[in-house]
Amino acid sequence: LSEAGSSFEEVYATRRVGLHRLAFVITGSDEIAEEMVQEAFARLHERWRTVTNPAAYVSRTVTNLCRTEVRRRRRERDSLPRPVIVGNPEIDETWAEVSRLPERQRAVLILRYYADLSESEVAEVLDCRVGTVKSAHHRALERLRRELS
Amino acid sequence: MIDDTEVQQRLRRSMEAIAQQATPPRSSFWHEPLASPVHRDRRLVAFVSAAVVVTVVAAALVWVIRPSTPRVTTTDTRPSAQALSAHIELPLATMVAGSSETGYLVIENDTGAPLHLKDTSGLGCVPKWRVVLRNAKVPQQVAFPSDCSASPGPSTVATGQTKLPFTLEAAYQLCSPSGQPHGVLTPTCVRNRQEGGLSPAPPLPAGLYEATFSSNIAHFVSVAAVPVRVVTPTSSAISPAKVPGSSTSADATVALKRFLAQHPNAVVHSTPVTYTNKLEIAVVGIAPDPNHRAIYVLDLTNGTASPLATLTLPSPTYAFVQTPPITTADLTGDGLPDFLVRFLAADNAPGVVVSADSGTWTLVPQNSDPTSVYIGRDPTISNGHLDSTRNDCIPTCAQGHSTIIVWHYDRQHNTMVAQ
């Protein structure tokens, strides 16, 4: 993912939409997604000279900002967006179950199956051990297998 | 019991579908934050507009609304999002293609001071703005002349609420008078509308659009787009000979009965309908075995039943709903019948739309994935449109809150799209 030589504007132009979609999958809200992506790029802008891998940095920042925002809303009983409904029964039922998973398990699944990250990359983004990612992944799949059957 | 592989595949499909529901802001370039964090405005919205004089010159323009007397506090010097807001008001959410309606841009200025609007063209013009319809298929850019003419907006917005009227047209913004269309954005002009019409440009194709605000001025708040459905005036004016479900010949009915008698695995069917003046058809649901389902489109012309198309349904395998039977309506707006076939799922009756609008008989998908054909929940045909319910599944799908959603046909992509 190294984009050595890219300007900030190039990273912004090439990554913004993809990161918005990632943030939307995590938060279920365009408004929150836009806010988190803008915040992540603002932080990247401030650290531009010291960040060696801008794309990875901003992806990690978006993910963690979104997780923090979801946790904060749950903790403060702020309004969380309702799960996105697309009208396809299989997808809606799957996503409804994913939405009920604990926040860390959801994050692991989204990073594994939407962002296509390896377990070690997921661990890096979530700042935890690979073993933690593996166990969260296993528990999430087990629960979904049970609930969706 | 499904296995991990199936769960993983569902997860990938679900997340891709969910991500497609996102609507990233159109702004595609970065606004560098100001040096002081208190001045950083993360809500700046940039609009890309095209300036047209003789040629169209794309220009990125920013709208700046500044209070004449900025409120100075200990933490901020700009109007907050709460102090300044603007939104679009439209009397009609559905417009007939080619028609127009008057809407309002409503600005709530609670900053405590009038706002002096400036444009950034450098010419000292008062700012200009417009609201136009656009979508992914017709991504119309707003064109502002580069001089100071042409429908300027106000230069000052008083405190409190200000309602600025505008005319919204369900027509293209540009057209080519030469009769040589240069693509989607510049269709051929309609000559008979030039004298008395609102615009020489042809009407927009039917579909779901957004009424979108654009300007050569910039402000601290974004103006949310408003969804508008454009319908064709002819979509409900099908000639009697082609009305879905219109009476067919006795031979067609006999041919269908004969086919059903010969195919005991045919579990549900439509009534015979006149498809064109010369073609009578019916749609039949076939369950050859517990794990497969198919839909036949039968040609019943001349008293014989012969398959026009065999459409295999993707997994998961659902049982056909037999009551009500397969229903018929023009769901794609081409003036020809389409069919809704419904199934029994765990807690609702999803359906598929069978249509030949794309040129061949297909199960109309919801996106580029041809297997995304099942429309949930409980689709029905109402007043010629396809409606279904949406369930928030909170706390469970059985106890969740349902709302009605309307589907329309995206002819460019040959997909059914939820409004």
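Me: Ground rules before we start: what counts, and how are things numbered?
Reply: This is a predicted model, so local features need pLDDT of at least 70, side-chain atom pairs count only at pLDDT 80 or more, and totals for chains, interfaces and linings use all residues; side-chain values use heavy atoms, with hydrogens and water left out. Residues are numbered from 1 along each chain as its sequence is written, while chains are lettered from A and ligands numbered from 1 in the order in which they are written.

Me: OK, chain B. How many helices and strands?
Reply: Chain B has two helices and 27 strands. Both are DSSP runs, numbered from the N terminus: helices are H or I with at least four residues, strands are E with at least two.

Me: How much of chain B is buried?
Reply: Buried residues are 46% of its 419 residues. Buried means under 20% relative accessible area, exposed over 50%, and partly exposed in between, with a 1.4 Å probe and protein chains only.

Me: Now sheets. What is the strand order around S25 in chain B?
Reply: S24-S25-S26-S27, an open sheet of four strands with antiparallel pairing. Strands pair if DSSP finds at least two bridges between them. The edge strands are S24 (380–382) and S27 (415–418) of chain B. Neighbouring strands are turned by 45° against each other on average, direction ignored. Axes here are lines fitted to C-alpha atoms, for helices over the stretch in contact, and angles run from 0 to 180 degrees between N-to-C directions.

Me: How many bridges join S25 to S26 there?
Reply: Six, between residues 385–391 and residues 402–410 of chain B. Asn391(B) stands opposite Ser402(B).

Me: What about the sheet with S4 in chain B?
Reply: That one is open too, with three strands in the order S4-S6-S11 and antiparallel pairing. S4 (84–89) and S11 (160–169) of chain B each have a single partner strand, so one side of each lacks a neighbour in the sheet. The twist averages 20° from one strand to the next. Six bridges join S4(B) to S6 (residues 100–109). Leu84(B) has Asn109(B) as its bridge partner.

Me: Switching to the interface. How many residues does each chain put in?
Reply: Chain A gives 47 residues and chain B gives 53. Contact means heavy atoms within 4.5 Å. The buried area is about 4600 Å², 60% of it from carbon and sulfur atoms. That is the accessible area (1.4 Å probe) that two parts lose on being put together, summed over both.

Me: Which chain A residues lose the most area?
Reply: Ile85(A), Glu90(A) and Tyr113(A), together 14% of what that side buries.

Me: How many salt bridges cross it?
Reply: Three. A salt bridge needs a side-chain nitrogen of Lys or Arg within 4 Å of a carboxyl oxygen of Asp or Glu. One of them pairs Arg13(B) with Glu90(A), with closest N and O atoms 2.8 Å apart.

Me: Glu90(A) again. Is its helix, H4(A), mostly covered or mostly open?
Reply: Mostly covered: 10 of the 11 residues in H4 (89–99) of chain A are buried. Glu90(A) and Trp95(A) are among them.

Me: What do those buried residues pack against?
Reply: Helices H1 (8–27), H3 (54–75), H5 (103–113) and H7 (130–148) of chain A, together with H1 (4–20) of chain B.
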